[in-house]
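Please read them with the structure open.

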Amino acid sequence: MKKRIHLLCSKRNIPNRLLEKKCDEDWVGVDRGTFELLQANIQPVYAVGDFDSVTEDERRFIEARMAVKIMPKEKDLTDLAYAVQKAIDMGYKKIKIYGATGGRLDHFMGAMQILKNVDFKDKKIQLIDKQNIIELLTPGKYKKRRKSQYTYVSFVPATDNARLTLKGFKYTLEHQYLEQGSTLTISNEFKDRYADIIVHEGLIYQIRSKD
């Protein structure tokens with residue numbers, strides 16, 4: 001069973017030395033991310049996109065080094081959504097997405113929608129940049145470990161009538177209903193080394209952040 005794969009959309013806002021540290025792991029190039037991976041001497045498992053974010057010279061550079069799935073510019077799925085679907089079809093259970101934040105807000109919201117996709121909800125998919133890790137929590141119990149580099153953790157309801165219990169945090173909750181639009185659970189912090197999260201119903205975004 002394949003475990004983890006990284007998807008690179010661009011080098012925008014990615015963690016420092018990311019490609020250097022994870023050069024031996026499985027990667028996917030999404031549009032311009034393909035060029036950035038090849039420039040870093042990382043051979044993607046596959047590449048997908050309409051490649052409208054690269055120059056003609058950069059596109060020739062890519063095509064000289066690997067086969068790519070050229071997507072039409074007009075399509076029902078974004079390049080990133082297609083890349084995530086293919087990773088799941090290949091058997092990957094954990095998908096980490098980089099370079100999808102810090103640019104166009106419509107692209108960012110599209111990435112957030114991918115986390116809520118009914119076909120992907122049972123997979124662990126994260127959006128990661130220099131300051132944040134975002135993932136969707138579905139109903140269930142979670143034990144999370146405090147990470148010193150991420151001071152804050154927020155919980156944002158992704159559906160109406162989400163119900164949440166938090167233990168081991170600075171601000172605890174017990175069977176609290178959260179409506180979309182609520183800011184009750186923004187900017188919490190770990191109190192203990194480990195904390196418990198129970199999503200009783202609904203869907204909730206967990207965002208771990210640092211200044």
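**Notes on the model**

1. Start with Arg-163. At 17% relative accessibility, Arg-163 counts as buried, because buried means under 20% relative accessible area, exposed over 50%, and partly exposed in between (1.4 Å probe, protein chains only). Its salt bridge partner is Glu-201, with the closest N and O atoms 2.9 Å apart. A salt bridge here is a side-chain nitrogen of Lys or Arg within 4 Å of a carboxyl oxygen of Asp or Glu. The pair links distant parts of the chain: Arg-163 sits in strand β10 (residues 162-167) and Glu-201 in strand β13, 38 residues apart. Glu-201 is partly exposed, at a relative accessible area of 28%.

2. A word on the basis. This is a predicted model, in which local features need pLDDT of at least 70 and side-chain atom pairs count only at pLDDT 80 or more, while totals for chains, interfaces and linings use all residues. Residues are numbered from 1 along each chain as its sequence is written, and side-chain values use heavy atoms, with hydrogens and water left out.

3. Asp-196 pairs with Lys-143, the closest N and O atoms being 2.8 Å apart. Asp-196 lies in strand β13 (residues 194-201) and Lys-143 in strand β8 (residues 140-145), so the pair ties together parts that are 53 residues apart in sequence. Helices (H or I, at least four residues) and strands (E, at least two) are DSSP runs, numbered from the N terminus. Asp-196 is partly exposed at 30% relative accessibility. Lys-143 is exposed at 57%.

4. How many salt bridges does the structure hold? The total is 11. One of them joins Arg-17 to Glu-20, with closest N and O atoms 2.9 Å apart. Both Arg-17 and Glu-20 are exposed.

5. Now the inside. The largest nonpolar core has 31 residues. Such a core is a set of buried Ala, Val, Leu, Ile, Met, Phe, Trp, Tyr and Cys residues joined through side-chain atoms within 4.5 Å. Those with the most contacts inside it are Leu-7, Leu-80, Val-84, Ile-95, Ile-97, Leu-115 and Leu-127. Helix α4 (residues 79-89) gives the largest share, six residues. Domain 1 (4-130) and domain 2 (136-209) both contribute, so this core lies between them.

6. Look at Val-84. It touches Leu-7, Ile-95, Ile-97, Ile-114, Phe-120 and Ile-125, not counting residues up to four places away in sequence (contact means heavy atoms within 4.5 Å).

7. Then the domain boundary. The bounds, 4-130 for domain 1 and 136-209 for domain 2, come from an automatic or database domain assignment. Their centres, taken over C-alpha atoms, are 27 Å apart. Five residues of domain 1 are in contact with six of domain 2. The two bury about 610 Å² between them, 60% of it on carbon and sulfur atoms. Buried area is the accessible area (1.4 Å probe) that two parts lose on being put together, summed over both. The count of salt bridges between the domains is zero.

8. Last, the annotation. An unreviewed UniProt entry places "domain: Thiamin pyrophosphokinase thiamin-binding" at residues 140-204; such annotations may be inferred rather than shown by experiment. The span is 0% helix and 54% strand, and its end C-alpha atoms lie 11 Å apart.
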